[in-house]
Amino acid sequence: MGTLQRILYVEDEPDIQAVARLALELVGGFTVKICSSGEEALREAAAFAPDLILLDVMMPGMDGPSTLKALRGQATLAEVPVAFMTAKVQPPEVAHYKALGARDVIAKPFDPMKLADQIRAIWNG
Amino acid sequence: MPPDVAAQLARLRADYLTRLPGELAALRDLADRLAVGDLDRAGIGELHHRLHKLAGSGGTFGLAGLSARARALEVRAKDWLQAPAPDAATRAAFAAEVGALAAGAGEAAAASPVPAWSPSPTRPHERAAQVWLVEDDPLLGRGLKRQLESFNYQVRLFPCLADAEQVARDACPDLMILDVTLNEEGEDADTRLALLPRLRALHCSLLFISTVNDFHARVRAAQLGALGYFLKPLDVPRLVNRMEQIRNQQRAAPQRVLIVDDDRDLAEHYRLVLLGAGMEAEVLDQPEAIVERISVFRPELVLMDLHMPAFSGPDLAGVIRQHDKWTGLPIVYLSAETDLELQVAALNRGADDFLIKPLSDAQLVSAVRARVGRARQLDELVSKDSLTGLLKHASIKEAAEAETARARRIGKPVTLAMLDIDHFKTVNDSYGHAAGDLVISSLAVLLRQRLRKSDVIGRYGGEEFVAVLPECDAAHAQALLDDIRQRFAALRFSHEGREFGRTLSVGLACSAHHPDATGAELLIAADEALYAAKRGGRDQVRAAPAPTLLTP
């Protein structure tokens, strides 16, 4: 696997978008694109060619799992690792999300200073 | 942390806190509609969604308690999405908790600085405490204001209570100092205070200053809720010490309690009672998840039912005690049990105490509060100097070592400062040890007030202190410590009518000038600079010179 540089983050909340951008770009040194909905991600993802996709689970309209399913339908995105971000992480839920094809689950609220390390750990794991 | 990241994080947090009241108001509206039965399934869905968002965002912006409470509510709201609507009592209780969420968040936002986000080295970290000083003697008022300001209090001076009552309409101080000998319209200040509704309603901490030292005046002060009573002429350092104690209590984080009880209703009741007492409480639903739950929630006390169907309390306590870091976590059993043998058996397996059911809400709160309070005190005793509340010798040396290593790793300078009170021995000799202790604790207070939260301060020896200033270069440190030196020199102590002051000598060593030095070596360099300051006439700050390069 190559190095992790380009991250697509799909999240509807502007507050979280802003702090995640900071955590990933300034602290983590990644190249980040943020989409505010699953629908937007479906339109924009292929052109951005992400190394990894972060999906918020609960979004209005298309939620995280259905976005994942739809992204997998696009040939260039079928193999891109995906991690979910959610405020509920009980062990059975983690198992459920992994069964859907997610590499891992990141718990919200996240610590802005540690998010980049968490993502690198998922990438390397 | 790079300063630009810190600044941006602080800005984002401020933005979030600005929007939060609107979000909480929207939640409260939904919850109120739920309470009166005016919320359809879609409405409940929205309520659930908003709680979920709050649970996911609060902690990222430093409001972990808010996240946890929103999470607990979210889980309950989710059940209603599929089930028939809950009964009226349940809905009302839920709405009340959503309301409490808003109240708790307001306090948290005002009171909780986020430790990891430190500002520039020139500014103290925390919001200065707001103090209202009601004093009709302008000379005394201005003098006291100036002295308190040097301890980083923000002081507003009122010549009479009526003025303060006016301002109390839309402002609230952290502390109010009232000269009770002032006389307005023929009435004493304490009589007047009792009659001023807005000031009374502030419920802010109150300190009295007075010339009258009789029992009745002191009882009167206690009845009005005064937390301190200081006689003129004022001993300002003693007053500041008391103010500092009060501030520490105000700032203390809410106590965190994990409740383990298979009776869901009862557990929920305990949770609400503890929440109502300003604590953070969570209920453990799945005993299997106890280890993860403790890691995440980090309770300061576990309240556990002795008899539960699947696992007994002592079994779970045993699991907790298998982890080294939780061997000291207080575990208290709730038990209808009066069977002495069972209790002894439970004690042998890691319990700390028993509370016998049924117990009143007040008993529960006071029992939990006392035990967590004691656990916190013990923790302080282990690492903190008892007189100053600063780190002890060994701990500050460790901090110096760790910060020096970190400075090298991140490529930012760290500066170590060694401070010594000049001619301190003569204070003990001339005025006694109590006066000496006061001088020492005053310097400790001054250091805590003027330095950042991320700076580490310790009492190194008798009258010797060490401050570790991460991400601070020599020039900044010089300015900072020189300011502290001047403020300390301006303090007047009094002992049996005799006034005195002391000065401070400081030695600095910055890692930028000693790139290969360990923490211990930097401390030695700072110590040498301190002795240069002493030899140079005391009352000054000296920096260790960069080592001169030897030419071959």
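Which residue stands opposite B:V131 in strand 3 of chain B? B:L175 does.

## Basis

This is a predicted model, in which local features need pLDDT of at least 70 and side-chain atom pairs count only at pLDDT 80 or more, while totals for chains, interfaces and linings use all residues. Residues are numbered from 1 along each chain as its sequence is written, and chains are lettered from A and ligands numbered from 1 in the order in which they are written.

## Chain B overall

Chain B has 20 helices and 19 strands. Both are DSSP runs numbered from the N terminus: helices are H or I with at least four residues, strands are E with at least two. Of the 552 residues of chain B, 39% count as buried; a residue is buried if 20 or more other C-beta atoms lie within 10 Å of its own, exposed if 12 or fewer, and partly exposed in between, with C-beta atoms placed from the backbone.

Among the contacts in chain B with a separation of 6 or more, 68% come from residues 24 or more positions apart. Two residues are in contact if their C-beta atoms, placed from the backbone, lie within 7 Å.

## Strand 1 and its partners

Strand 1 (residues 130–134) of chain B is mostly covered, with 4 of its 5 residues buried. Strand 1 of chain B runs parallel to strand 2 (residues 154–158) of chain B, and 5 bridges join them. Two strands pair if DSSP finds at least two bridges between them. In this pairing B:V134 stands opposite B:F158.

An open sheet of 5 strands in chain B has the order 9-8-10-11-12, with parallel pairing. Strand 9 (280–283) and strand 12 (353–356) of chain B are the edge strands, each pairing on one side only. From one strand to the next the twist averages 25°. Axes are lines fitted to C-alpha atoms, for helices over the stretch in contact, and angles run from 0 to 180 degrees between N-to-C directions.

Strand 8 (residues 256–260) and strand 10 (residues 301–305) of chain B pair over 4 bridges in the parallel sense, and B:L258 has B:V302 as its bridge partner in strand 10. Helix 13 (residues 313–321) of chain B packs on the sheet and touches strand 8, strand 10 and strand 11 (331–335) of chain B; its direction makes about 150° with that of strand 10.

## Contact with chain A

In total, 18 residues of chain B are in contact with 15 residues of chain A. Helix 1 (3–35), helix 2 (41–57) and helix 3 (64–82) of chain B are the elements that give two or more residues to this side of chain B. Helix 2 of chain B gives the most, with 6 residues.

The buried residues of helix 2 of chain B include B:L47, B:R50 and B:K53.

## B:L481

B:L481 lies in helix 19 (residues 474–490) of chain B. B:L481 is buried, with 26 other C-beta atoms within 10 Å. Leaving aside neighbours within four places in sequence, B:L481 is in contact with B:A417, B:V506, B:L508 and B:V541. B:L481 and B:G507 are 26 residues apart in sequence, and their C-alpha atoms are 9.4 Å apart in space.
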